[in-house]
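Notes below, in the order I looked things up.

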Amino acid sequence: MADRRAELERKKQKLAMIREEKERRKREREAKESEDVPMRVTRPDKDLRTETEELLSSLGIPLGSEGSVTRSLNATPDTSLSPIPDQSLSSTQSGTGPVKSLRKQPKLSVVSVHQANIPPKESVTYNKQTQTASTTVDREAHPLDYYKWDDEFQVEEEGEGCSLPSKNLESPSIYPRHNTPHKVAGLPKVEMVRPASAAEGDTPMTPGHTEQQKEEKIKVDLSEEEKQQIMMSEEFHIFFGKASRIVERALYEDLDICVDYTGTGEEQEGDDKSGIRLLLNRCFTDDRWSKNRTITSFDWSAQFPELLVASYNNNEDVPHDPDGVCLIWNMKFKKTTPEHIFHCQSPVMAACFAKFHPNLILGGTYSGQIVLWDNRSNKRTPVQRSPLSASAHTHPVYCVQVVGTQNAHNLISISTDGKFCTWSLDMLSAPQDTMELTHQKQSRAVAVTSLSFPYGEFNNFVVGSEEGSVYTACRHGSKAGVMDMFEAHQGPVTGVDTHRAQGHIDFSHLFLTSSIDWTVKLWSLKDTKPLYSFEDNGDYVYDVSWSPIHPALFACVDGMGRLDVWNLTNDTELPTASLVVDGSPALNRVVWTPTGHQVVVGDDAGKIWIYDVGEQLASPKSNEWSVFMHTLQELQNNQVDQDLDVLTSLSSSIFSSPSTGIR
Amino acid sequence: MASEVEETLKRIQTHKGVIGIIIVNSEGIPIKTTLDNSTTVQYAGLITQLADKARSTVRDIDPTNDLTFLRIRSKKHEIMVAPDKEYLLIVIQNPSG
């Protein structure tokens with residue numbers, strides 16, 4: 001640049017010099033001419049010359065001046081002038097003669113002028129570092145871009161590069177496919193605007209970028225019609241067909257490839273209750289038949305462990321519908337409708353599968369009738385019914401169960417008036433045997449609300465009553481009837497369940513009772529005192545159920561919609577897993593699936609909720625039985641200690657009249 | 001024809017665990033979505049970029065190759081991307097149900 005300026009200076013100087021020279025020559029010539037004119041008169045032989053001179057002079061001034069110019073230029077051969085004039089003149093130089101040839105016509109020749117146009121170097125810059133960071137910036141800019149346009153242009157014109165570099169860096173990264181800005185920009189044009197820009201890379205970007213921003217803004221505004229149009233187009237359908245097929249296949253693959261078999265999870269879910277413990281699997285409900293009916297009992301089919309029978313109370317809203325409904329649900333399939341629908345005239349309080357007859361379903365109703373349905377028949381009404389007579393039941397039947405073996409089995413039903421009936425499945429017209437369950441000490445009969453047979457027992461059983469006491473009884477033998485009484489609860493007993501999980505240690509003497517008095521109590525048949533009382537609930541506990549596979553696991557449900565799963569080896573104070581069912585309906589019944597990995601809960605709105613219990617919780621470890629044994633021991637010891645304390649405090653209060661002396 | 005598309009979309013949407021579906025065109029503009037606007041815009045922009053990058057990676061390694069399916073598994077979700085020349089189908093699923 002400095003060189004150019006110097007060159008320019010020199011050129012100017014030369015031009016000035018040339019002008020001066022011209023002037024001088026002109027003056028000289030004029031002086032000469034003025035001299036020549038008198039001279040011409042004296043020299044006749046020079047007439048021709050003078051004539052020509054005159055002729056020339058009329059034309060000669062330009063010629064002469066040219067000549068003088070060339071002469072003056074020739075006189076200064078050492079000075080190098082601008083290349084262009086130099087070139088053009090150098091060719092004439094040879095043609096022109098020395099100084100004396102004033103009259104000599106300078107030779108003119110056509111000169112080709114070299115023009116070298118050097119386009120400036122195109123520099124393409126990418127900056128990959130800022131890809132992710134820039135997107136957020138860009139996103140924020142979106143709503144305001146529309147207004148920011150003009151600012152960009154103005155900024156550009158000012159030649160301020162400060163705000164632009166950040167934008168420049170963004171644009172290549174966001175739309176890598178749009179490499180066009182570099183070409184679209186039209187670089188030479190840009191150069192003119194910015195004569196002295198330091199970083200060449202900046203310049204090509206800005207106009208391209210603003211164009212991009214324009215495009216961007218336009219893109220986001222695809223209208224609904226355009227979208228519809230796109231969706232109607234043939235190529236969209238082709239794309240969608242292919243893509244949806246692949247995606248659906250991928251979706252249906254339920255494989256969890258991230259399963260960690262080592263159990264060393266980086267997962268924080270180790271102690272997380274909600275994560276794996278209880279997950280809603282599905283919900284069984286039928287709008288027509290189960291809506292608004294309280295679920296009164298559950299039973300599993302012995303032959304088909306996926307079949308679940310649920311009995312329903314009446315629906316007060318629809319008086320014309322049958323009062324008692326019994327539905328058979330299938331857990332195996334994704335179907336949401338029941339397998340079989342049965343109904344009868346009286347609300348069904350208890351239902352069970354006839355254990356050794358896969359087609360028969362038995363129900364005990366509110367009217368005292370025992371009903372038998374057969375799923376081979378097409379009828380939804382019972383195929384057999386027990387009579388409404390004094391020999392059978394006259395009170396609601398809350399418990400039905402089939403006990404015995406394949407060859408020698410009976411149906412047992414107990415009603416709230418303490419009547420214990422034994423039936424044969426072939427003949428429901430009259431019970432085979434009846435018995436009154438009355439406690440020896442009281443003449444009153446036991447109002448039985450729940451029944452449970454210990455595992456492997458067909459004779460002795462446990463019943464819970466409305467008074468809050470629990471009785472053991474036996475069917476046959478000399479002492480048929482109620483044997484022991486447990487002063488269990490302060491309110492009616494809602495559920496009794498005997499221990500079921502089989503292991504190397506037998507816990508079948510254990511049973512649980514749940515009651516309206518908000519507690520669940522753990523008992524042993526050997527002892528009239530409860531082993532432990534679980535008092536975590538805040539509402540009536542409606543049912544309790546032992547896990548069929550885990551010795552220390554049980555579930556209970558209460559009226560607030562709470563489902564609790566207790567693991568006694570883990571914690572006896574609080575449930576290990578707990579959740580509230582959607583919508584907090586009062587939960588009436590709970591059972592475990594035969595596999596022990598799911599819990600089935602029935603509520604008072606006719607919905608059956610099936611929850612998956614997490615693997616770690618549901619499956620017992622090999623030492624589970626022994627650990628539970630220890631826990632029981634501890635519980636017993638605690639109980640003993642407690643009792644001791646009570647006794648000592650009592651005795652102390654008795655003996656405390658004199659000053660000291662506690663013992 | 002359009003109803004088939006709707007039907008298929010509905011079927012995918014009601015599949016267990018599916019949180020949402022977005023269809024975007026090659027410029028990253030959502031054409032159809034089952035999610036709310038802000039989420040859609042976010043996913044559309046980010047996933048389009050990622051899919052482009054994935055495609056360019058595949059092609060850089062072997063120019064005769066091309067991206068057919070992209071699946072991003074995270075702790076909470078799984079994002080499945082079925083790319084095409086013109087469009088992109090994005091499905092977000094919670095794999096544990």
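**Where the chains meet**

I started with the contact, which takes 30 residues from chain A and 35 residues from chain B. Keep in mind that this is a predicted model. Between them the two chains bury about 3,100 Å², and 68% of that is on carbon and sulfur atoms. On the chain A side, I found that A:Phe239, A:Phe240 and A:Leu251 lose the most area to chain B, together 21% of what that side buries.

The rule finds 1 salt bridge across the interface: B:Arg11 and A:Glu248 meet through their side chains at 2.7 Å, N to O. On chain A, α4, α8, α9 and α10 each supply at least two residues of the side touching chain B, and α10(A) gives the most, with 15 residues. I sorted that side of chain A into 16 nonpolar, 5 polar and 9 charged residues.

**The nonpolar core**

Then I looked up the largest nonpolar core, which has 23 residues; A:Phe236, A:Phe239, A:Phe240, B:Leu89 and B:Val91 touch the most other members. Elements giving two or more residues to this core are α9 and α10 of chain A and α1, β1, β4 and β5 of chain B. Here too α10(A) gives the most, with 7 residues.

I followed up on A:Phe239: its contacts include B:Ile23, B:Ala82, B:Tyr87 and B:Leu89. Apart from this core lies another, of 21 residues, among them A:Ile505 and A:Trp566.

**A loop in chain B**

Last, I checked B:Lys75, in the loop between β3 and β4 of chain B. B:Lys75 counts as exposed because its relative accessibility is 81%.

Definitions and conventions
Residues are numbered from 1 along each chain as its sequence is written. Chains are lettered from A and ligands numbered from 1 in the order in which they are written. This is a predicted model: local features need pLDDT of at least 70, side-chain atom pairs count only at pLDDT 80 or more; totals for chains, interfaces and linings use all residues. Side-chain values use heavy atoms; hydrogens and water are left out. Helices (H or I, at least four residues) and strands (E, at least two) are DSSP runs, numbered from the N terminus. Buried means under 20% relative accessible area, exposed over 50%, partly exposed in between (1.4 Å probe, protein chains only). A nonpolar core is a set of buried Ala, Val, Leu, Ile, Met, Phe, Trp, Tyr and Cys residues joined through side-chain atoms within 4.5 Å. Contact means heavy atoms within 4.5 Å. Buried area is the accessible area (1.4 Å probe) that two parts lose on being put together, summed over both. A salt bridge is a side-chain nitrogen of Lys or Arg within 4 Å of a carboxyl oxygen of Asp or Glu. Ala, Val, Leu, Ile, Met, Phe, Trp, Tyr, Cys and Pro count as nonpolar, Asp, Glu, Lys and Arg as charged, and the others, Gly among them, as polar. Lists of a residue's contacts leave out its neighbours within four places in sequence.
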